[in-house]
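The entries follow the order in which I looked.

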Amino acid sequence: MILRLLSCDWIQKHQNVIISGPTGVGKTFLACALAQKACRQGYRAFYIRLPKLLYHLAITKADGSYPKTMKKLLRTQVLVLDDFGLAPLTDPERRDLLEVIEDRHGASSTILTSQLPIENWHEHIGTHHRRCDPRPPDS
């Protein structure tokens, strides 16, 4: 698998990489090594911890530079989002993360690292919404 990833074919195909596991197994190291290999092959790569990206996106909404920032993220051929799942997402953070992923889908590649088991991602992202009951509550 590592040799296939080092070929950078996944970048040409606009595929993504998920690296998950417990603290200390080298997720960030591996993600950065893949990004560095991509750079050596001529691709543009950018590394950022996801909590920092979400904070930065909130700031760019306030100062009006959000569209420009989103375009930069889209143009980055390999985006490394490190530390997904460290803290629960707020509604605006959830929307921003999904916007980044949606914009990049099929157009560029993303590497995501996480300590959170993949089976817990839907719950963490908040895609399991409670159904609203249209009936008024009993008095």
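Predicted model: local features only at pLDDT ≥ 70, side-chain atom pairs only at ≥ 80, totals over all residues.

Residues are numbered from 1 along each chain as its sequence is written, and side-chain values use heavy atoms, with hydrogens and water left out.

**Entry 1: the sheet**

I looked up the strand order and found four strands in an open sheet, β1-β4-β3-β2, with parallel pairing. β1 and β2 (45–49) stand at the edges with a single partner strand each, so one side of each has no neighbour in the sheet. Neighbouring strands of this sheet are turned by 15° against each other on average, direction ignored, where the axes are lines fitted to C-alpha atoms and angles run from 0 to 180 degrees between N-to-C directions. For my own reference, helices (H or I, at least four residues) and strands (E, at least two) are DSSP runs numbered from the N terminus, and two strands pair if DSSP finds at least two bridges between them.

**Entry 2: β4 and its partners**

I then followed β4, which is joined to β1 by four bridges and to β3 (residues 78–84) by five, in the parallel sense. Six of the six residues of β4 are buried, so the strand is largely enclosed by the rest of the structure; buried means under 20% relative accessible area, exposed over 50%, and partly exposed in between, with a 1.4 Å probe and protein chains only. S109, I111 and T113 point one way from β4, and T110, L112 and S114 the other way. In β1, by contrast, V17 and I19 form a covered face and I18 and S20 an uncovered one.

**Entry 3: the largest pocket**

I looked next at the largest pocket, which has a volume of about 290 Å³ and is lined by 15 residues, with N16, I18, I101, L112 and W121 nearest its centre. A pocket here is an open set of points on a 1 Å grid where a 1.4 Å probe fits, with protein on both sides within 12 Å along at least five of seven lines, and lining residues have an atom within 4 Å of a point. The volume is the space filled by probe spheres set on the points, which are joined across faces, edges and corners. β1 (17–20), α6 (91–104), β4 (109–114) and α7 (121–125) each supply at least two lining residues, and α6 gives the largest share, five.
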